[in-house]
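Colleague: Hi, could you walk me through this one? I'd like to go over its contacts with you.

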Amino acid sequence: KIKNAIDLIKKYDIEVHVSFILGCPGDTVETYKYTEEMIHLLNPTMVSFNMLRPMPGTDIYTNPNKYGILMEDRFWFERDDWTKEPVSYTRELSKNDILYWKKRLNKSFVLGRN
């Protein structure tokens, strides 16, 4: 259904931007591989890969263990480096894993467009 919708949108020369959040509960290497396949199948105009940032006041921030989320610094928003690295990660994926997949997915999208 998503592919059909995107194909219809493209038919009318409308750009398609898809956005993903990495480091969410349930994310695994397998889900990222599937995401990579879907990006190539859907062939959007643009993609963005953002890292999960549990915000104060949300349940995922207040109860990260409930979601399998790990945060070393619960006051990450007071630092300047939060834009460059994950502020949280999961039991399945380390900070380095999330950064690796962010770069890989971006590169895969760019190379797949050529």
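Colleague: Great. What sort of model is it, and how are residues numbered?

Modeller: This is a predicted model, where local features need pLDDT of at least 70, side-chain atom pairs count only at pLDDT 80 or more, and totals for chains, interfaces and linings use all residues. Residues are numbered from 1 along each chain as its sequence is written, and side-chain values use heavy atoms, with hydrogens and water left out.

Colleague: Let's start with the strands. In which sense do E1 and E2 pair?

Modeller: Parallel: strand E1 (residues 17-22) and strand E2 (residues 46-51) pair over 6 bridges. Strands here are DSSP runs of at least two residues, helices are H or I runs of at least four, and both are numbered from the N terminus. Two strands pair if DSSP finds at least two bridges between them.

Colleague: And which hand does the crossover have?

Modeller: The β-α-β crossover, running from E1 through H2 to E2, is right-handed. That term means that, with the strands pointing away from the viewer, the path from the first strand over the helix to the second runs clockwise. As for residues facing each other, Leu22 stands opposite Met51 in E2.

Colleague: Which residues touch the most other members of the largest nonpolar core?

Modeller: Leu22, Tyr32, Ile39, Val47, Phe49, Ile98 and Leu105, out of 16 residues in that core. A nonpolar core is a set of buried Ala, Val, Leu, Ile, Met, Phe, Trp, Tyr and Cys residues joined through side-chain atoms within 4.5 Å. Buried means under 20% relative accessible area, exposed over 50%, and partly exposed in between, with a 1.4 Å probe and protein chains only.

Colleague: Which elements supply this core?

Modeller: E1, H2, E2 and H5 each supply at least two residues, and the largest share, 4 residues, comes from H5.

Colleague: What does Phe49 touch?

Modeller: Not counting residues up to four places away in sequence, Phe49 touches Phe20, Leu22, Ile39, Lys102, Leu105 and Asn106. Contact means heavy atoms within 4.5 Å. There is also a second, separate core of 8 residues, which includes Leu52, Ile60, Tyr61 and Val87.

Colleague: Where is Thr90, then?

Modeller: Thr90 lies in strand E4 and is buried, with a relative accessible area of 7%. A polar atom of the Thr90 side chain lies 3.1 Å from the backbone nitrogen of Glu92, and one lies 2.9 Å from the backbone nitrogen of Leu93.

Colleague: What about Ser88; which backbone oxygen does its side chain reach?

Modeller: That of Leu52, at 3.5 Å. Ser88 sits in the loop between E3 and E4 and counts as buried at 2% relative accessibility.

Colleague: Changing topic: how many salt bridges are there?

Modeller: A search of the whole structure finds 7. A salt bridge is a side-chain nitrogen of Lys or Arg within 4 Å of a carboxyl oxygen of Asp or Glu. One of them joins Arg104 and Glu36, with the closest N and O atoms 3.0 Å apart. Arg104 lies in helix H5 (residues 95-113) and Glu36 in helix H2 (residues 29-42), so the pair ties together parts that are 68 residues apart in sequence.

Colleague: Are those two buried or exposed?

Modeller: Glu36 is buried, with a relative accessible area of 13%, whereas Arg104 is partly exposed at 29%.

Colleague: Which partner does Lys95 have?

Modeller: Lys95 meets Glu72 in a salt bridge at 3.3 Å, N to O. That pair links Lys95 in helix H5 to Glu72 in the loop between strand E3 (69-70) and strand E4 (89-90), 23 residues apart. Salt bridges that share partners also join Asp73, Arg79, Asp81 and Glu85 into one network.

How values were computed: Polar contact = N/O pair within 3.5 Å; in protein donor to acceptor, adjacent residues only side chain to side chain.
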